[in-house]
Amino acid sequence: MGASLNEIKQRIASTKKTSQITNAMQMVSAAKLTKSEAHSKQFQVYASKVREVVTHLTAQQLNDIYSAGPQDGVNYNSMLISRPVKKTGYIVITSDGGLVGGYNSSILKQMMSMLKEDHSSPDEYVMIAIGGTGADFFKARGINLAYELRNLSDQPSFEEVRKIVTMATTMYQNEVFDELYVCYNHHINSLTSQFRVEKMLPIVDLDPEEAESYEQEYLFEPSKEEILDHLLPQYAESLIYGAIVDAKTAEHAAGMTAMKTATDNAKNIISDLTISYNRARQGAITQEITEIVAGAAALD
């Protein structure tokens, strides 16, 4: 019985240490989540303004494309026009490590289901992975990656992801693939995230009816078409970057929730072990009393 008591005491002590670690990790993730949410809100202000400018500049082209289709003799930007899809590009965003609950598994499971449903051969798509978990997952299943990016910071700057987002838009312009989707977990709140697949290219989310009207006409230098040649890729890059920021926020929320669950589970285990320890201790005391009484009775 003594060995059993010591074993329970050791399990209680080790579980308490684990609880302290998971609690500390929960607090760290909560701090990261707060910063990431603030970062995301700041980016939305910029994204909203860029969308406003792009919508204004492309309003006429969008009206043509959405109403009667591209008109002959008009120089439409290639990023606004859908073309026959021979290959599809996917950017899949996961975390670099674990301890984030089901964050990665939900993305990868739904991603594989989508590939199975929409494609009959790996030759029909191009895969780009952001995050080591996703990159290792695809490589283990023989899926070739056009590019992978690992070890992003907790609040990634645009400079960190500039290479991959610029490469993605360039690959589209060079017709390596004919449409581009970003697949990630969208942050809803600290407890909830949702798998999201967003079409980034060609740019189809602009509504010409949202275009601002101004009393005075703009004078463009160089031409509007040349400005759009530079501005539209930047807009597409900002959309991809926004998805990365959103995914990072969801990752921190998942980490916080996972560590909170682990801490709560550790407390429940400690409570159960404490009850077991007290029962075992009471049993040991009862047995000792019984032996003493039996010994005294034998002397009589």
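Which residue in strand 5 does His-187 stand opposite? Select His-187, then look across to strand 5: Ser-193 is there. Keep in mind throughout that this is a predicted model.

**Stop 1: the hairpin**

Select strand 4, residues 179–189, and strand 5, residues 192–201. The two form a hairpin with 2 residues between them. Their pairing is antiparallel and runs over 9 bridges. Now show the surface around strand 4. Of its 11 residues, 9 are buried, so the strand is largely enclosed by the rest of the structure.

**Stop 2**

Next, pick strand 1, residues 88–93. Strand 1 pairs with strand 4 in the parallel sense, over 5 bridges. Click Thr-88: its bridge partner in strand 4 is Glu-179. Then turn to strand 2, residues 125–130, which pairs with strand 1 in the parallel sense over 6 bridges. Here Gly-89 stands opposite Val-126 of strand 2.

**Stop 2: the nonpolar cores**

Which residues touch the most other members of the largest nonpolar core? Select Tyr-90, Ile-91, Ile-93, Met-111, Met-127, Ile-203 and Ile-240. This core has 60 residues. Its largest share, 13 residues, comes from helix 5 (residues 224–299).

Zoom in on Met-127. Beyond its neighbours within four places in sequence, Met-127 contacts residues including Tyr-90, Val-92, Met-111, Leu-115 and Phe-138. Ile-143, Asn-144, Leu-145, Ala-146 and Tyr-147 are also among its contacts. Another core, of 6 residues, lies apart from the largest one; Leu-5, Ile-8, Leu-273 and Ala-280 are among its members.

**Stop 3: Arg-83**

Go to the loop between helix 1 (2–67) and strand 1, where Arg-83 sits. Is Arg-83 buried or exposed? Its relative accessible area is 19%, under the 20% cut-off, so Arg-83 counts as buried. Show its side chain. Leaving aside neighbours within four places in sequence, Arg-83 is in contact with Tyr-172, Glu-175, Phe-177 and Asp-178.

**Stop 5**

Most residues other than glycine have a negative phi, and most peptide bonds are trans.

- Glu-175 lies in the loop between helix 4 (158–173) and strand 4. Its phi is near 60°, a positive value. Glu-175 is exposed, with a relative accessible area of 54%.
- Leu-99 is in the loop between strand 1 and helix 2 (103–118). Phi is near 60° for Leu-99, again positive. Leu-99 is exposed, at 57% relative accessible area.
- Pro-202 is in the loop between strand 5 and helix 5. The peptide bond from Leu-201 to Pro-202 is cis, with omega near -5°.

How values were computed. Residues numbered from 1 in each chain as written. Predicted model: local features only at pLDDT ≥ 70, side-chain atom pairs only at ≥ 80, totals over all residues. Heavy atoms only, no water. Buried < 20%, exposed > 50% of the residue type's maximum accessible area, 1.4 Å probe, protein only. Helix = DSSP H or I, 4+ residues; strand = E, 2+ residues; numbered from the N terminus. Pairing = 2+ DSSP bridges. Contact = heavy atoms within 4.5 Å. Core = buried A, V, L, I, M, F, W, Y, C linked by side-chain atoms within 4.5 Å.
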